[in-house]
Amino acid sequence: MKRISEAARLHLENVILPFWMGLKDDQHGGYYGYMGQDLMLDKQAEKGCILNSRILWFFSEAAMALEREDLRSYADHAYRFMTDHCIDQTHGGIFWSMTYDGQPLDTTKHTYNQAFAIYALASYYRLTGKAEALALAKELFRLIEQHCTDDVGYLEAFTADWNPESNEKLSENGILADKTMNTLLHVFEGYSGLYQAGPDAELRTALERILDIYADKIYDPELHRQKVFFDADYHSILDLYSYGHDIESSWLMDWGCDLLKDPARSEKIHNINLEIGKAVYEAAYSHRSLANECDRGEVNEMRIWWVQAETVVGLVHLWSKLPRETQYRDAAADTFRFIGEHMVDKRSGSEWFWAVDKFGAPWPDKPILEPWKCPYHNGRMCMELMRRDPEIYV
């Protein structure tokens with residue numbers, strides 16, 4: 001048996017990093033954007049800007065966590081693609097996607113997308129000290145605050161010149177949402193990364209505002225879970241329980257809140273996230289893994305790659321709050337083992353399956369790589385386990 005932090009380091013070094021290093025596109029820049037379940041790489045597939053941001057974040061963080069200078073060149077490569085191609089030089093902000101050779105494909109400006117670019121640029125700045133990366137992150141922050149907010153909270157989708165448009169990209173389950181929990185969560189995440197890189201008063205005010213929306217509008221104190229899709233005034237429009245987002249928020253919101261060093265606010269947010277973590281464990285944990293979601297009473301039992309990665313971190317975090325409740329420690333270890341046995345694709349040249357069923361059988365026809373399938377969740381799982389080094393053995 002190995003300590004889970006050491007097992008995570010080995011998995012990061014031997015599985016996740018080699019796969020993503022091998023996707024570097026030296027001809028057209030950035031990283032390739034699609035690989036089917038048959039492991040056939042499509043070198044002319046679109047390159048999602050969210051994917052590129054997450055890759056930039058990943059290599060920046062991995063270079064720091066592993067103290068590997070060679071990984072900086074992969075972060076540099078992603079940074080060049082972002083600054084040379086993904087940024088709109090006319091109206092500002094980052095596009096939704098590019099063609100394989102770096103031309104704008106989908107010019108939508110989505111708040112979610114801007115947030116991930118901020119998250120990535122802040123990490124790249126922490127790695128390199130490049131002042132222009134921090135300046136670009138702060139410019140994107142100002143663009144969000146200028147164009148993507150109203151009196152209630154955070155708006156979602158815009159045209160290239162920042163006129164509002166409908167929010168199909170972050171709406172699911174047959175509804176069209178004006179605002180979403182998912183976008184708010186990742187704006188908070190991006191802002192938190194930027195605050196970690198360079199605190200300032202304006203950024204702090206925005207983080208406090210998001211925490212208030214989270215506590216007062218997103219969190220349901222009766223059900224101990226987050227609401228997901230909303231109208232313009234943050235009224236819930238769908239009875240959806242997103243297990244993956246709840247387990248992710250249960251630790252990520254604590255992390256960002258604690259950066260503010262406000263004990264009273266941290267206590268409030270930690271208590272909310274304690275209830276969210278306990279509730280999602282009771283509602284969705286079975287077969288050594290976490291189910292996907294519950295839509296209007298119907299549970300989706302698919303085991304999605306990112307949900308399992310966030311489950312490990314969320315359960316470790318929950319156990320750190322409740323150290324006598326060893327079921328959370330044991331469930332974190334079991335989920336990590338489930339990932340190794342079932343989520344990881346053992347074929348040469350692959351990484352994790354997109355999804356498996358609750359018994360571990362790969363879900364058919366799901367790609368290994370696509371614009372949403374990235375090294376951000378599973379890579380972060382490994383680095384969080386390394387950073388926390390919990391007394392867990394697998």
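The crossing of α9 and α10 is left-handed. (A crossing is left-handed if the near helix is turned anticlockwise from the far one by less than a right angle, and right-handed if clockwise.) This is a predicted model, where local features need pLDDT of at least 70, side-chain atom pairs count only at pLDDT 80 or more, and totals for chains, interfaces and linings use all residues. Residues are numbered from 1 along each chain as its sequence is written, and side-chain values use heavy atoms, with hydrogens and water left out. Helices (H or I, at least four residues) and strands (E, at least two) are DSSP runs, numbered from the N terminus.

**Helix α9 with helix α10**

- Helix α9 covers residues 263-284 and packs on α10 at an angle of about 120°, with the axes 10 Å apart. (Axes are lines fitted to C-alpha atoms, for helices over the stretch in contact, and angles run from 0 to 180 degrees between N-to-C directions.)
- α9 and α10 are therefore oblique to each other. (Angles under 35 degrees count as roughly parallel, over 145 as roughly antiparallel, 65 to 115 as roughly perpendicular and the rest as oblique.)
- From α9, the contact uses H270, N273, L274, G277, K278 and Y281; from α10, it uses L315, L318 and K321. (Contact means heavy atoms within 4.5 Å.)
- The residues of this contact divide into four nonpolar, three polar and two charged. (Ala, Val, Leu, Ile, Met, Phe, Trp, Tyr, Cys and Pro count as nonpolar, Asp, Glu, Lys and Arg as charged, and the others, Gly among them, as polar.)

**Helix α12 and its partners**

- The axes of α2 and α12 come within 10 Å and cross at roughly 20°.
- α2 and α12 are therefore roughly parallel to each other. Their crossing is left-handed.
- On the α2 side, R54, W57, F58, E61, A62, A65 and L66 make the contact; on the α12 side, Y376, H377, G379, R380, M383 and M386 do.
- By class, the contact of α2 with α12 has eight nonpolar, two polar and three charged residues.
- Helix α8 (residues 243-258) also crosses helix α12 (residues 376-388), at roughly 50°, and the two axes come within 14 Å.
- α8 and α12 are therefore oblique to each other. The crossing of α8 and α12 is left-handed.
- E248, W251 and L252 of α8 meet Y376, H377, R380, E384 and R388 of α12. The contact of α8 with α12 has three nonpolar, one polar and four charged residues.

**Pockets**

- The largest pocket holds about 640 Å³ of space. (On a 1 Å grid over the protein atoms alone, a cavity is a set of points where a 1.4 Å probe fits but cannot get out, and a pocket is an open set with protein on both sides within 12 Å along at least five of seven lines; lining residues have an atom within 4 Å of a point. Grid points are joined across faces, edges and corners, and a volume is the space filled by probe spheres set on the points.)
- The largest pocket has 24 lining residues, of which E172, N182, H245, W306 and W372 lie nearest its centre.
- Two or more residues of that lining come from each of α6 (181-197), β10 (240-242), α8 and α10 (305-321).
- The lining of the largest pocket has ten nonpolar, seven polar and seven charged residues.
- The second largest pocket has a volume of about 400 Å³.
- The second largest pocket is lined by 18 residues, and E61, R126, Q196, E384 and R387 lie nearest its centre.
- α2 (49-66), α4 (111-128), α6, α8 and α12 each give two or more residues to the lining of the second largest pocket. The largest share, five residues, comes from α12.
- The lining of the second largest pocket has ten nonpolar, three polar and five charged residues.

**Cavity**

- The structure holds one cavity of 30 Å³ or more. About 30 Å³ of space lies in the largest cavity.
- Y31, K47, G48, L51, N52, I55 and F81 line the largest cavity.
- β1 (47-48) and α2 each supply at least two residues of this lining, and α2 gives the most, with three residues.
- The lining of the largest cavity divides into four nonpolar, two polar and one charged.

**Residue M21**

- M21 lies in helix α1 (residues 4-21).
- M21 and F59 are 38 residues apart in sequence and 9.1 Å apart in space, C-alpha to C-alpha.
- Not counting residues up to four places away in sequence, M21 touches F59, R68, D70, L71 and Y74.
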